[in-house]
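I opened the model and kept notes as I went. The entries follow in the order of my look-ups.

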Amino acid sequence: QFGTGTFDPLVGVELARSFGRLQVAGYGQLQAALYENHHGFRASAVSLVGLQGGWRAGQRVVLQSSVEWFRQGAERRGGAVQQDGILGRHEVLGGLGAVFSFGGPQYMAMVRFPLYRRILQGADTEEGELTAPVTLTLGVQFRT
């Protein structure tokens with residue numbers, strides 16, 4: 001990431017299978033900072049695991065639903081956990097979407113919404129809340 005001055009590689013894996021019109025996938029990804037930047041800042045680790053099911057509603061349309069578990073850890077400065085901000089969060093997200101193809105690229109739209117959210121805050125942190133009622137993901141996939 002450019003803003004933190006650290007190298008935060010992202011590793012992911014996905015397993016998918018089709019059963020006629022039904023499609024099932026399991027996936028996960030992990031992003032973690034490998035070292036501190038020159039200010040002693042180390043970004044938090046972020047992980048996501050999910051299950052997705054799809055149903056081929058037509059020749060060019062797949063309807064999808066998903067459930068995901070998202071975890072973000074605490075940020076560190078000089079090796080110490082920062083007590084003045086978010087110490088981490090855990091979320092379970094539900095999702096509904098569709099994939100369309102018109103003979104060329106595939107177009108995807110997915111709406112995700114929190115089913116459960118837990119924010120970990122320090123003792124010196126003012127109570128607040130993270131407000132993100134929905135997340136919209138749009139994508140285009142080209143095959144070569």
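**Entry 1: elements.** I took helices (H or I, at least four residues) and strands (E, at least two) as DSSP runs, numbered from the N terminus. On that basis Phe102 sits in the loop between S8 and strand S9 (106-121). I note that this is a predicted model, where local features need pLDDT of at least 70, side-chain atom pairs count only at pLDDT 80 or more, and totals for chains, interfaces and linings use all residues. Residues are numbered from 1 along each chain as its sequence is written, and side-chain values use heavy atoms, with hydrogens and water left out.

I then listed the elements. The protein has zero helices and ten strands. From the N terminus on, the order reads β-β-β-β-β-β-β-β-β-β.

Entry 2: I computed accessible areas by the Shrake-Rupley method with a 1.4 Å probe; for residues, only the protein chains shown count as cover. The accessible surface of the protein is about 9,700 Å². Carbon and sulfur atoms hold 58% of that surface.

Of the 144 residues, 27% count as buried.

Is Phe102 buried or exposed? Phe102 counts as exposed, because its relative accessibility is 63%.

Phe102 also belongs to a nonpolar surface patch with Phe100, Tyr107, Val140 and Phe142. Together these residues have about 560 Å² of accessible area. My patch rule takes residues with over 30% relative accessible area and no salt bridge; like charges are joined within 9 Å, nonpolar side chains (Val, Leu, Ile, Met, Phe, Trp, Tyr) within 5 Å.

**Entry 3: contacts.** I set a contact as heavy atoms within 4.5 Å. Among contacts with a separation of 6 or more, 51% join residues 24 or more positions apart.

I checked Leu115 in strand S9. Leu115 counts as exposed, because its relative accessibility is 55%. Leaving aside neighbours within four places in sequence, Leu115 is in contact with Val92, Leu93 and Gly94. Leu115 and Glu91 are 24 residues apart in sequence, and their C-alpha atoms are 7.5 Å apart.

Next came His90, in strand S8 (residues 86-101). His90 counts as buried, because its relative accessibility is 18%. Not counting residues up to four places away in sequence, His90 touches Trp69, Phe70, Arg71, Tyr116, Arg117, Arg118 and Leu120.

**Entry 4: salt bridges.** Side chains of opposite charge can pair when their charged atoms come close. I counted a salt bridge when a side-chain nitrogen of Lys or Arg is within 4 Å of a carboxyl oxygen of Asp or Glu. How many salt bridges does a search of the whole structure find? It finds three.

Glu68 and Arg112 meet in one, at 2.9 Å, N to O. This pair links distant parts of the chain: Glu68 is in strand S5 and Arg112 in strand S9, 44 residues apart. Glu68 counts as buried, because its relative accessibility is 5%.

Arg89, Glu91 and Arg117 form a network of salt bridges. The closest N and O atoms of Arg89 and Glu91 are 3.8 Å apart. Glu91 and Arg117 meet at 2.3 Å, N to O. Glu91 lies in strand S8 and Arg117 in strand S9, so this pair ties together parts that are 26 residues apart in sequence. Glu91 is buried, with a relative accessible area of 5%. Arg117 is partly exposed at 26%.

Entry 5: Rolling a probe the size of a water molecule over the atoms shows where empty space is left. I worked on a 1 Å grid over the protein atoms alone; a pocket is an open set of points where a 1.4 Å probe fits, with protein on both sides within 12 Å along at least five of seven lines, and lining residues have an atom within 4 Å of a point. Grid points are joined across faces, edges and corners, and a volume is the space filled by probe spheres set on the points.

The largest pocket has a volume of about 780 Å³. It is lined by 33 residues; Glu14, Gln52, Gln64, Val99 and Gln141 lie nearest its centre. Which element gives the most to this lining? S2 does, with six residues.

I followed up on Gln64, in strand S5 (residues 61-72). Gln64 is buried, with a relative accessible area of 15%. Beyond four places in sequence, Gln64 touches residues including Gln52, Leu96, Val99 and Met110.

Definitions and conventions: Buried < 20%, exposed > 50% of the residue type's maximum accessible area, 1.4 Å probe, protein only.
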